[in-house]
Amino acid sequence: MMHLKDILYGVRITAVSGTTSCDIASVCFDSREVQKGDAFVAIKGTVTDGHKYIDAVVKAGARAIVCEQLPDKMVDDVTYVQVENGNQALALMASNYYGTPSKNLKLVGVTGTNGKTTVSSLLYQLFKKAGYKVGLLSTIKIMVDDTVFPTKHTTPDALVINKHLKLMNDAGVEYCFMEVSSHGIHQKRTEGLVFEGAIFTNLSHDHLDYHKTFAEYRDTKKILFDQLPKTAFALTNVDDKNGLVMLQNTKARKASYALKNYADYRAQILENQFDGQLLKINDHELWTKLIGHFNAYNMLAIYATADLLGLEQLETLRLLSELENVDGRFQYYISKKKITAIVDYAHTPDALKNVLETINTLRTGNENVITVVGCGGDRDRSKRPVMGHIASEMSNKIIFTSDNPRTESPSEIISEMEAGVEPQNVKKILSIENREQAIKTACQLADDNDIILVAGKGHETYQETNGVRIDFDDFKIVKELLESLEK
């Protein structure tokens, strides 16, 4: 139990009906989870509005209602608190309820279009190898030192974040690395968190279904840096034209990294091949199993972050060389016939281009590159022809297919991807709605030494259609198909 007034500390309140000295059992924003004595926060979401459920949660025993609009009828035994912003209130209340757990560890946020999962996951790996107790809040999973918790969103809701940060406190975790999405920032899920630092990886075409304009998308990312305290660090990729924008209003100490431009941390690719690449980072050579120039940026960001957090540089370089690839990020399998199958999460034009560029720099030129790719439904439609264009320009054969169509027609999504294909590339194209059949066709088309790229889903182990998820693992499927075809 905790006093409501303590849970509301820092929340911008415009009106109160009832007492805030009452005891609260728990905080929730899902009306289906409300129990007797809880405080319910009414959130105006993209799908539904929590204000519709106020009467129902009062009947379920809610002790307090926190909302942006007070209901016409109020029950005497219930405290009603009107706030400026429900999302912000929820985030601050979650932090207060769990004892501001982010203050008790060093929390580093990673934001950007591409690289968030790789950078945060590999920082977790590196600090674990360095002997620390570490936490991770990522797309793939939440880690409380060695304990794994599943996750559904890039940035979980504020209650989930703070609950797991509290578990990290209890487990003695010293460092936590967290993916911070533009959705999470915009919905104020990170309000009330105390960051030790923030990393900006890059910015490209994504989530314009949500943010509407690129400027809004960029400026939302920038909020993370604007809110950093003076004691934190702000690390940015200055090879990205938006990199310096992130630092414009930050109070944190500024640091930069780059492969092309002058920066505090610089890297150069000396060698690049399928089993790894040789990098030169600030005059030190490093062999890493992670390939491609996008991973050179990721490794440099990780090195810089470790340095800013006080790890010894040579020890960091040694640990970097031991890091393993993250699931679904340039994850590859080489068959008996030397067919290389690569599974990658590339679901944006920039990410797809990066992966295909990497493949094309590693090939001898005699192999065919066969790309299987789709675009998710109910998401940014404007990137579909762009991804169709990139895939068809940079591959020898392309199979357009489904990738979580959700409530949209898979054939219509594929048609929008086909619209980006230049006339000279039309003959390269096949369209197969069924994703497993598309992958099977790619395996059947592949000759010895060819390269198959299955893009878009990466680590995901499901396919979502009309609200129903079925088991679907790109890597498992392509590996099994190649093995069966080569028996």
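Mentor: Welcome! This is a predicted model, where local features need pLDDT of at least 70, side-chain atom pairs count only at pLDDT 80 or more, and totals for chains, interfaces and linings use all residues. Residues are numbered from 1 along each chain as its sequence is written, and side-chain values use heavy atoms, with hydrogens and water left out.

Trainee: How many helices and strands does the protein have?

Mentor: Both are DSSP runs, numbered from the N terminus: helices are H or I with at least four residues, strands are E with at least two. Counted that way, the protein has 15 helices and 26 strands.

Trainee: Which radius of gyration does the protein have?

Mentor: The rule for a globule, over C-alpha atoms, is 2.2 Å times the number of residues to the power 0.38. For 487 residues, a compact globule would come out near 23 Å, and the protein agrees with its 24 Å.

Trainee: What percentage of the 487 residues is buried?

Mentor: Buried means under 20% relative accessible area, exposed over 50%, and partly exposed in between (1.4 Å probe, protein chains only). By that cut-off, the buried share of the 487 residues is 56%.

Trainee: Which helix and which strand do Phe 127 and Phe 177 link?

Mentor: The structure holds eight aromatic pairs; rings of Phe, Tyr and Trp (its six-membered ring) pair if their centres lie within 6.5 Å, with planes under 30 degrees apart stacked, over 60 edge-to-face and the rest tilted. Phe 127 and Phe 177 form a tilted pair, 5.1 Å centre to centre with 50° between the planes. They are 50 residues apart, so to speak across distant parts of the chain: helix α4 (residues 116-129) and strand β12 (residues 175-179).

Trainee: Why is the pair of Phe 294 and Phe 330 called tilted?

Mentor: Phe 294 is buried at 17% relative accessible area, and Phe 330 is buried at 1%. Their ring centres are 6.2 Å apart, and the pair is tilted because the planes stand at 45°.

Trainee: Which residues do ring pairs link into a cluster with Phe 127?

Mentor: Phe 127 is buried, and Phe 177 is buried too. Ring pairs join Phe 127 into a cluster with Tyr 132, Tyr 175 and Phe 177.
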